[in-house]
Amino acid sequence: MIDNPYVPLLFFMTLGLLFAAGSVGAGQLIGPKKANAAKAMPYECGLQPSPKAEEGGRVPIKYYLTAMLFIIFDVESLFLFPFAVAFNQLGLFALVEMVLFVITVFVAYAYVWRRGGLNWD
Amino acid sequence: MSTLLTLAPEFASVVALPAADVPPSVPRADFSDTPIWLSAVKALLLFVFLLLNTLVVIWFERRVIGRMQNRPGPNRAGPFGLMQTLFDGLKSLFKEDVKPAAADAFLFTLAPILFATMAFVSFAIIPLGGTVNLFGHQTPLQLTDLSVAALLVLAVAGVAAYGVILAGWSSGSTYPLLGGLRSTAQVISYEIAMGLALVAVFLYSGSMSTSQIVEAQRNLWYIVPAFISFVVYVITMVGETNRIPFDLAEGEGELVAGYHTEYSGFRFAMYYLGEYINMFTVSALATTMFLGGWHAPLPFNLIGDGYFDSGWWGLLWFTIKMWLFMFFFVWLRGTLPRTRYDQFMAFGWKLLIPGTLLWVMAVAFIRGAQLGFLGDSSIAIAGREIPIATLIVIGVLLVAVLVVLWLWETKMTEREEAAAKAADVPEEIDPYAGGYPVPPLPGQRLREPSTYPALPRAGATATVVDTPTVENKEA
């Protein structure tokens, strides 16, 4: 008898890991190895590869902004999940509380929208 | 819950929570007769089930796409070409696995393994059927069930995003880096809307355990009360799995092949496999959350006192429902072109996320009214007791939707009029005014020239047209 429901999950993950690592390893063992300089170059459709900046190059600021916005809304859904699960035990107070919380988040959302934070270009 | 109470006793007193845990209305899957060796066997069976499904779905996709494009698709290897995927896989095992010189050796290998492993994990919590007799033990057709099972799927999807961004970064090449960034931004943007869409389901089921959610849908599938959530979920699941029309991470016109440009051999095959297993996972979750999981569809669940709605039959219904979603994926691929990246992000951030959030609040109010939080009085309509609060909430929501639609329409009309004014298109143009024929804009008339310009005669020199054009003057 299992007390911990995560043990079968661990079995399953181990199977996946063994399969993935095993087959990648097998592919490296079985596959041919004929190295040449052109193969080892970055693939850019046959053109000379573009030069790389130090430390991997710069990333457009948009991705950073998207990540920050993701954190805001992800934390918000973190509050919504327990609220939803325990809803029938919480009552009217929690409902009003959640409305206020969502309004607060929408203020931030409206600000980001007005400042153009949601426009890609 | 108890942690919350100990942390904030004053909060608890305000809310007046019931003292003990309220017993859930529907039972969870019972794993008490499942020894640990049986769990291992079940893990292996589920693994084989998933791999077989993947082998078939790649063949299925190519055949169906083929039919949609008036060609037969792969039909040579084995009966109906069924062995095609297996042979393709074997072939990639015997291909060279190239690692570019600029790649980070460790991460370059780790990323596909991580991606494929994470793709498998989520399936462990999906209930595939009812309780069956397996090797002399009564055990549910579900590997394991957690009280936060639905959350696990979202968490694992978050970790799988690492497989993508690490692949893009470790390749040491421009296109994979851009593809990896794009894909990650895409996955995290749509994950929010996906999580919010599921909140409506949790509101109805009062649980995140998948077996309980399925059990709560025995009488009514959540696609009915949470229809908008279902629509949002279906859109986001396409975005999450990087499939057409949202496969921007692999836009071959712009990024060669996106994050896996530098991958070949079996490391590439891991991405290919992971993508299809991810499709199965999101389809299985959609089935579990909205389509009643393994429960039989309507005419069958009434036959023989639920005979078709239990045990191994559940596996059949579940597989059919999951494959309907797989067909939907293929259908989309055969039908739609790829969206533009800025359109895709704007759709996610400006429509899906706020829209879903408002929808969740609406569901919370409807649910609150049903549970009697907003008053207990009810009236009888057509012999059924319906709480007045429910009617009021639904009425208010309908009015709100109408007002928003009206505002939207007014704004759109204004915008169109302003655009027409800004463009200031003359009603009639002379097509030859610039020296060469110009087609009319929409709604414009052409002024018929009284005499057509003389056609160039054979052997004539440059000055053919009498009216000098702008270019001629300048020259």
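Predicted model: local features only at pLDDT ≥ 70, side-chain atom pairs only at ≥ 80, totals over all residues.
**Note on the interface of chain B and chain A**

1. Seven residue pairs, both members at pLDDT 80 or more, are found in polar contact across the interface of chain B and chain A. The elements that each give two or more residues to the side of chain B touching chain A are helices of chain B: H2 (9-15), H3 (36-68), H5 (105-121), H6 (149-170), H7 (174-205), H11 (265-290) and H14 (341-370). H14(B) provides the largest share of that side, with 15 residues. Sorted by class, the side of chain B that touches chain A holds 64 nonpolar, 15 polar and 11 charged residues.

2. The extent of the interface may be stated in two ways. Counted by residues, 90 of chain B are in contact with 70 of chain A. Expressed as area, the two chains bury about 7,000 Å² between them, and 80% of this lies on carbon and sulfur atoms. Trp349(B), Lys350(B) and Phe373(B) together supply 10% of the area that chain B buries against chain A, which is more than any other three residues supply.

3. The rule for salt bridges finds one across the interface of chain B and chain A. Glu96(B) forms a salt bridge with Lys39(A), and the closest N and O atoms of this pair are 2.6 Å apart.

4. Chain B may next be considered as a whole. Its secondary structure consists of 16 helices and six strands. Of the 475 residues in chain B, 49% are buried. The accessible surface of chain B amounts to about 23,500 Å², and carbon and sulfur atoms account for 67% of that surface.

5. The contacts within chain B also deserve a remark. When contacts between residues at least 6 apart in sequence are taken, 73% of them join residues at least 24 apart.

6. Thr236(B) is situated in helix H9 of chain B, which covers residues 227-240. Is Thr236(B) buried or exposed? The relative accessible area of Thr236(B) is 0%. Residues count as buried when this value is under 20%. Thr236(B) is therefore classed as buried.

7. Which residues are in contact with Thr236(B), once its neighbours within four places in sequence are left aside? They are Tyr190(B), Ala193(B), Met194(B) and Leu352(B).

Notes: Residues numbered from 1 in each chain as written. Chains lettered and ligands numbered in written order. Heavy atoms only, no water. Contact = heavy atoms within 4.5 Å. Buried area = accessible area lost by both parts, 1.4 Å probe. Salt bridge = Lys/Arg side-chain N within 4 Å of Asp/Glu carboxyl O. Polar contact = N/O pair within 3.5 Å; in protein donor to acceptor, adjacent residues only side chain to side chain. Helix = DSSP H or I, 4+ residues; strand = E, 2+ residues; numbered from the N terminus. Nonpolar A, V, L, I, M, F, W, Y, C, P; charged D, E, K, R; others polar. Buried < 20%, exposed > 50% of the residue type's maximum accessible area, 1.4 Å probe, protein only. Areas by Shrake-Rupley, 256 points an atom, 1.4 Å probe, with all protein chains shown as cover.
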